[in-house]
Structure formats: structure tokens, C-alpha cells
Amino acid sequence: MTTEKNNSISRRKFLDLGSKGVLAGSTLLAGFPSIVPASVFGKNAPSNRINVGAIGVGRISRGHDMPGVWKHDTAQIMAVCDLDSNRVEGAQKLVNGYYSKKNGKEFNGVKGYGDYRELLLNKDIDAVIVSTPDHWHAPIVIHAVEVGKDVYVQKPASLTIAEGRMMADAVKKSGRILQIGSQQRSTSQFRYAVELVRNGRIGKLQKVYVGLPGDPSGNEEPEMPIPKNLNYDMWLGTTPDVYYTEKRVHPQVGFDRPGWLRCEQFGAGMITGWGAHHIDIAHWGMDTEYSGPTEIWGKADFPTSGLWNVHGIFTTHAMYENGVEMIISNEIPNGIKFEGTDGWIFVSRGDGAVTSSDPVAKQNAAKKLDASDPKIITSEIGPNEIHMTVSNDHHGNWLESIASRKDPIAPAEIGHRSCSACLLHHAAMKLNRKLYWDPKTERFKNDNEANALLSREQRSAYAIKVNK
């Protein structure tokens, strides 16, 4: 795998800082060369192309994120990185093959990396796509923006609320562009539903129902030898050291849905996996994108045995300062239903799925847009009414934002607040009682047990540290 060697900060020093948990802050920036995207130099620059590195090149990257970027002539994927060397080689072949076919001549210029910190040292890379497991999102984002990269990161924004706050603050401080992979914001029916709600087509909003798919439990899985092609210790990252078994990580053959999605060590299950999408749209319609609920309660079933231990069937509730109640459950049709004094609007992806193994692909398709009265969804939004930002291509919107230096449609703070709301519902599931939340301080009120869930103990070698 190729790496760059001519940089003003030594690789050894750079990697050593990361290994000691200094993943962000002025101590790292002080010795790092100024990195400015080629796109900001204007039309007379040698090249306006945005050079992109892909970090994490499994299922979601191969099927969604890399194709979402490489289709744009304003960008080129020039590097790929993964902790599984087989996936690095596969991604190099995939991207080289795409550009060879597109240009009509052989292309073999995609660099491969086994450590994202090495990729970040490449001064020719302007931006990165982060398509890793959830527990690596915030650490890599923090590291990337602090060394001058713009970022597209898969949702959910973070593993914990504390990490999400660190991430959002680091992005703001750095001035970099960050797009959360909440691509429903760039899908027309979701934008239109939000506009209808915000413009009073269903009267005063009272309740929002969010339906999520479920996750099955699994069997106990035996310890297995760690594959030679996998850096398993780094894959675990900040999380505890546990034995390797294939179903805890990802398939060694193929790109089916990985097992880590059902392990609480690396995420919270569907409440963040799909909840980050749907709660984001709910917040958009409720005009609470920069806030959060004040009361949360509910219950859930959790497996009592087996490797996969995320929540099963569940129903949770949340109240917001504006008096709107949100109800989330696996028993509600997959999508978002806004209910007001004069009717309701339901919006979903319909039969759309990001990848072939996405759970929604296995469900009966719901309507993309429905309402209590058909006249509601044939209504036109007038020029003097509320209009949401228009984006019909989520990755394209990110690339446009890199060029303009204006916020994308799903910036860091909004993504953090959506993820936080998911994790608040998860906390209510775990504690099985009503919780009281202050969206301003981002702390539970007079509840040490609940506040202990805002962060997790981290392994020192990979811990996030932000200088304030």
C-alpha cells in the first residue's frame, strides 16, 4: 500500500500523537502544513477537482458513498483506507476499474492505506468520506478536520452524546465543511413533507410518530483466530478489548450487512441506525434541529444471551418544549407521520434502500407520501411561504459546499442533535424510567445515573482528547 513521505511533520510524530489519544487540538495543528482544497483557488487554478480519500470501504462505502462521489466530475477518489487489507485491495480495484471504464483507458492511480492517519498525511487529499463502524465516526472526523480536511461522515454522528459534542465543536472551530450522511434531506418527498408541516397544512403540530425496522437477536459465537488481513486491535478502537469472532465484525467474504451493527459495544442498534435518519426529518419538520427533547421515557426488550445484544421490540416517547410529543416504535410503519389539529402527513422512502441488505428492502413498501386528505399533498408552497434548502444529491451537495464554503444541508451541529435524540431514547430504554433533559447544557437534570450514559470509558490508545 502506497503512502506519502514528504510532509513537514514527521509520520512518526503524527502517528505517536494519535496513539496517545491526542486526536484533536492545537498541539496537533501547530506542526501540520496548511491544507487548502484545490477547489477554493477559482476557475484559473490548475485543477478545480476535489481529491477525496475514502476511509472504511465496506458495504456502505462501495454501494453508496464512493459511487455518490465518483459520479461527479468535480471530484476524484484518489485514495482508499481500511483496517482489512483485503478490502483495501478490493476498493482499489473497484475505483481504478470505474475510472478506467469512464475514461476509456487504464487507470491505476488509487493509493491504498491501512491506517487512516497515514491517509490524512497525504497533502494532496482535500476531503475524506468516513464510512466506518459507528464507534470510529467521531474520532476520525475530529482528527480529519483538525488537519484541514473536509468530511462526509455516515450517520449516526457518534457513539455517545459526549463524543458528538466534541465532534461538532471541533468542526466549528476548524471551519471545515462536514456533511452528515442523512441523505433523506436530499430526497424530494422528505423536503416537501417538511415544507407542508412547517407551513401549517395540517394545522398545529401535536405528535410525530417515527417507525423503525427491528433487529433480531443471535446465537453465542465462538472465538476465532484473527485474520492476518485485519488490524483487529485498531478496529476495536476506543471500545473494550473482546475476542474476535467474524460475526462481531464484518464478513471475510462478500459485503453483507455486518454483525457489529447488532453489538452495543459499537452502536445502539436501530434507534441510531435508522433513527438518525427519521429523527432528523422529524426535527426538520418540528423546527427543533438545534435543540432536543426535554422529557424521554419508554421501554424495550434486550436479548439475554447471544453475541448480538442491541434492543429488540420497543416503544419510546419524548416531549419537546414546543409541546410536540414524539413516539418511536418498531410497531409503527417505517417512516415519519406528522399529526396536527387539521390532519396528518406520512413520509417514507417507499421501497427505496441504500444497499441490497438494507432491512427496508425486506419489508412491504409504504407510500412515499400520504396524508389524511389528498389535497394536502397536492398543495403548492407559495413564494412567500417557508421553503427548505433544496438538495437532490447528498454527496453532490457536500461537494458544492466544499467549493462555496457554505454549510451543506446536513451540517455537524444538526447531525449531532439528531444523534443525541436517538441516544436519549436509548438511555430511556436502558433505565426504563422517565428522564429529564436540558437541551442547552446537554445534561440530564439531577440524574447522575443517566448522565453516566453520556460517555463511555475509552481505551487509552485510541481515546479522544480535545484541547479547550
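Here are a few questions and answers about helices and strands in this predicted model.

Q: Which residue caps the N-terminal end of H12?
A: Look for a side-chain oxygen that lies 3.3 Å from the backbone nitrogen of His395. The residue that supplies this oxygen is Asp393.

Q: How are H7 and H13 oriented relative to each other?
A: The axes of helix H7 (residues 161-174) and helix H13 (residues 412-431) come within 9 Å and cross at roughly 175°. Angles over 145 degrees count as roughly antiparallel. Therefore H7 is, relative to H13, roughly antiparallel.

Q: How many residues of the contact of H7 with H13 are nonpolar?
A: On the H7 side, Ile161, Met167 and Val171 are among the residues that meet H13, whose own set includes Leu423 and Leu424. The contact also has 3 polar and 3 charged residues, while the nonpolar ones number 7.

Q: Which strands stand at the edges of the open sheet?
A: The sheet has 6 strands with parallel pairing, in the order S3-S2-S1-S4-S5-S6. An edge strand here has a single partner, so one side of it is left without a neighbour in the sheet. The strands in that position are S3 and S6.

Definitions and conventions. Residues are numbered from 1 along each chain as its sequence is written. This is a predicted model: local features need pLDDT of at least 70, side-chain atom pairs count only at pLDDT 80 or more; totals for chains, interfaces and linings use all residues. Side-chain values use heavy atoms; hydrogens and water are left out. A polar contact is a pair of N or O atoms within 3.5 Å; within protein, one must be able to donate a hydrogen and the other to accept it, and residues adjacent in sequence count only if both atoms are side-chain atoms. Helices (H or I, at least four residues) and strands (E, at least two) are DSSP runs, numbered from the N terminus. Axes are lines fitted to C-alpha atoms, for helices over the stretch in contact, and angles run from 0 to 180 degrees between N-to-C directions. Angles under 35 degrees count as roughly parallel, over 145 as roughly antiparallel, 65 to 115 as roughly perpendicular and the rest as oblique. Contact means heavy atoms within 4.5 Å. Ala, Val, Leu, Ile, Met, Phe, Trp, Tyr, Cys and Pro count as nonpolar, Asp, Glu, Lys and Arg as charged, and the others, Gly among them, as polar. Two strands pair if DSSP finds at least two bridges between them.
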